[in-house]
Amino acid sequence: MYAKKLPSYLSRLKEIRKNLLGDVEKNLKSSQEGTTEPVADISDGAARAYTSEIMLNLGEQDWQKLKQVDQALAKISTGEYGICALCEEPIPEARLEVIPFTEYCVECLSKIEQDKASAVHRSEEPQTEDFE
Ligand SMILES: [Zn+2]
């Protein structure tokens, strides 16, 4: 899948990751001496304290983005990169060019966002309380 383009996506993802972490990682590095690969795997339990530290320093949005970037990097190494996580169809190259860390194709993403919107709508409805 996009084998020729992979190195360029890989370097772009690493660049995005570097920009996201920026000073956060630099600050944490001093308190994490001996860690050869900081934030190597954010799902690793051993790194949980470390990642929660990063989570505090990053905003919620950047944290989500970082997770997507890490997932994309993992997928590159397993050869699943560029496959929609929902419908398992290849994500169009043009979309990867714009958002190299995207998990979904445009169709699935808009579906997910619609679901989210309706879920929010549901939770905003007043709770029916039984007064009788
Ligand atoms: Zn899809």
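Because the model is predicted, local features are described only where pLDDT is at least 70 and side-chain atom pairs count only at pLDDT 80 or more, whereas totals for chains, interfaces and linings use all residues. Residues are numbered from 1 along each chain as its sequence is written.

The chain contains five helices and zero strands. Its pattern, read along the sequence, is α-α-α-α-α. Helices (H or I, at least four residues) and strands (E, at least two) are DSSP runs, numbered from the N terminus. Burial is judged by counting neighbours: a residue is buried if 20 or more other C-beta atoms lie within 10 Å of its own, exposed if 12 or fewer, and partly exposed in between, with C-beta atoms placed from the backbone. By this count, 13% of the 132 residues of the chain are buried. Two residues are in contact if their C-beta atoms, placed from the backbone, lie within 7 Å. Among contacts between residues at least 6 apart in sequence, 51% join residues at least 24 apart.

The discussion now turns to the core. A nonpolar core is a set of buried Ala, Val, Leu, Ile, Met, Phe, Trp, Tyr and Cys residues joined through C-beta atoms within 7 Å. The largest such core has eleven residues, namely Tyr-9, Leu-13, Leu-66, Val-69, Ala-72, Tyr-81, Ile-91, Leu-96, Phe-101, Tyr-104 and Cys-105. Two or more residues of this core come from each of α1 and α3 (60-78). Helix α3 gives the most, with three residues. One of the core residues, Tyr-104, touches Cys-84, Ala-85, Leu-86, Leu-109 and Ile-112, when residues up to four places away in sequence are not counted.

Within α3, Leu-66, Val-69 and Ala-72 are buried. Seen down the axis of α3, the buried residues fall within an arc of 125 degrees, so they line one face of the helix; the arc is that of the directions from the helix axis to the C-beta atoms. The face turned away from this buried side carries the exposed residues Glu-60, Gln-64 and Thr-78. Just after α3, Gly-79 takes a positive phi of about 80 degrees.

Gln-68 also belongs to helix α3. It counts as partly exposed because it has 17 C-beta neighbours inside 10 Å. Gln-68 touches Phe-101 and Glu-103, again leaving out residues up to four places away in sequence. The C-alpha atoms of Gln-68 and Glu-103 are separated by 7.3 Å, although these residues are 35 apart along the chain.

Glu-88 is placed in the loop between α3 and α4. Its phi is near 60 degrees, a positive value in a residue other than glycine. Glu-88 has 10 C-beta neighbours inside 10 Å and therefore counts as exposed. Glu-93 lies in helix α4 (residues 93-98). Because 12 other C-beta atoms lie within 10 Å, Glu-93 is exposed. Glu-93 and Lys-5 are 88 residues apart in sequence, yet 9.1 Å apart in space, C-alpha to C-alpha.
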